[in-house]
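I opened my notebook to get to know a new structure, one entry at a time. Here is what I looked up.

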Amino acid sequence: MKASSSPRCMICDSPLASPIMTAYNTHGRHVLSRETFPVFFCEGCGTYQINIKQDEEYYTKYYNSLDYYNQENRSRILSFLSTIFSKISFWLKMHSLPLKKHGFFRWLDVGAGDGSFLQKLSPKRFQPFGVEISQIGYEEIKKKHIPCFHGDFLSLDFGQTSFDIISFWHVLEHCCSPKKYLKKACELLGEGGVLIVALPWAESLGFAIGKKGWFHLDSPRHVFWPTKKTMEVLIQDLPLSQVKGFSSWWEYPLDLWWSLKEVPFFFKWFLRLLYPIVKIGDRETMIFVFKKTTSNKGGSNG
Ligand SMILES: [Zn+2]
């Protein structure tokens, strides 16, 4: 788990200069421990990142303590509200995606969690497939009768299978080699296939002002935080062209609110009093939609 002595960028391999800040072990608005992680900024690709080795010790230490799946302790009213919220969130997401209105599509969701996204897809329009590395998640997906590949996306052999849509909902920022994941996704997409990537967004007010209190820092589980330049570098050698990039503001309605918690009192409450206005103009997380092109170069990035 030790960081190497002369760190290099995980995306463009440029040498990384001195850290710009240190982050704690955080999850959302919670500080899990005061262990510190230096955060670097790569001048080459505009990416904020930590320098950490993702070995077995790392996963045991930083993932096993978090219970992503157990929601049994929720009260009935909270479960009800959460169900309503996730339905609205799904509806907004699906209506924001530039997908074809007609046809039948094979949708592969990488890092499918417990399969709750795939389960919501209309069976009239989509055939869902999951990829999940965690045993608990994999079993949850199987219980929902959704075909699922168990293991790390990069190591899985999909044979001749191809997909029309591949999604990474807040998955790439957990991986030290995001480019390899996108490259493999491209190989699995059929011609004209759609790639969807949702990420925390470093060009946000929450990060600019909140710094180590940023809601989406989630260090050291998130290992990088992208900017516009990151996205350009990530897809520059891949047969992808960007179709749409938009803020999924509804997914975490209070992210900016909590990101401000360590900001000086008057500034914090000034921004919180104006919260809806400030939040609407802000981009804390982004969803990018790419189309697979036939040429080996990504074309225009409109
Ligand atoms: Zn870089």
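Is C9 buried or exposed? I looked up its relative accessibility, found 4%, and so noted C9 as buried, since the cut-off for that word is under 20%. A reminder to myself: this is a predicted model.

**Entry: the zinc site.** I went on to see what C9 does there, and found that C9 (SG) coordinates the zinc ion together with C12 (SG), C42 (SG) and C45 (SG), at 2.2 to 2.3 Å. Along the sequence I read the spacing of these donor residues as C-x2-C-x29-C-x2-C. Next I checked the angles between the four donor atoms: they run from 99 to 116°, so the arrangement is tetrahedral. For reference I jotted down that the ideal angle for four tetrahedral donors is 109.5 degrees. I also looked up C12, which has a relative accessible area of 27% and is therefore partly exposed.

Entry: I placed D13 in the segment before β1 (21-27), and its relative accessible area of 46% makes it partly exposed.

D218 went on the list too, with a positive phi near 45°. I found D218 in the loop between α6 and β9, and it is buried, at 7% relative accessible area. In the loop between α6 (205-210) and β9 (224-225) I also located P220, and the peptide bond from S219 to P220 turned out to be cis, with omega near 0°.

**Entry: the nonpolar cores.** Which residues touch the most other members of the largest nonpolar core? I wrote down L108, F153, I166, F168, L182 and L195, out of 56 residues in that core. Helix α5 (residues 178-188) gives the most to this core, with five residues. I then followed L182: leaving aside residues up to four places away in sequence, it touches F168, L172, L195, V197, L234, I235 and L238. There is a second, separate core of 24 residues, and A112, I165, W169 and I196 are among them.

**Entry: confidence.** Last, I looked up the pLDDT, which averages 92 over the protein chain, with 93% of the residues scoring at least 70. I marked residues 298-302 for care, as pLDDT stays under 50 there. For that stretch the model has ten contacts beyond four places in sequence.

Methods:
Residues are numbered from 1 along each chain as its sequence is written. This is a predicted model: local features need pLDDT of at least 70, side-chain atom pairs count only at pLDDT 80 or more; totals for chains, interfaces and linings use all residues. Side-chain values use heavy atoms; hydrogens and water are left out. Donors are N, O and S atoms within 2.8 Å of the metal (3.2 Å for Na, K and Ca); water is not among the atoms, so sites may look incomplete. Four donors count as tetrahedral if all angles lie between 85 and 135 degrees; four count as square planar and six as octahedral if opposite donors are over 155 degrees apart and all others between 65 and 115; anything else is irregular. Buried means under 20% relative accessible area, exposed over 50%, partly exposed in between (1.4 Å probe, protein chains only). pLDDT is the predictor's confidence in each residue, from 0 to 100. Contact means heavy atoms within 4.5 Å. Helices (H or I, at least four residues) and strands (E, at least two) are DSSP runs, numbered from the N terminus. A nonpolar core is a set of buried Ala, Val, Leu, Ile, Met, Phe, Trp, Tyr and Cys residues joined through side-chain atoms within 4.5 Å.
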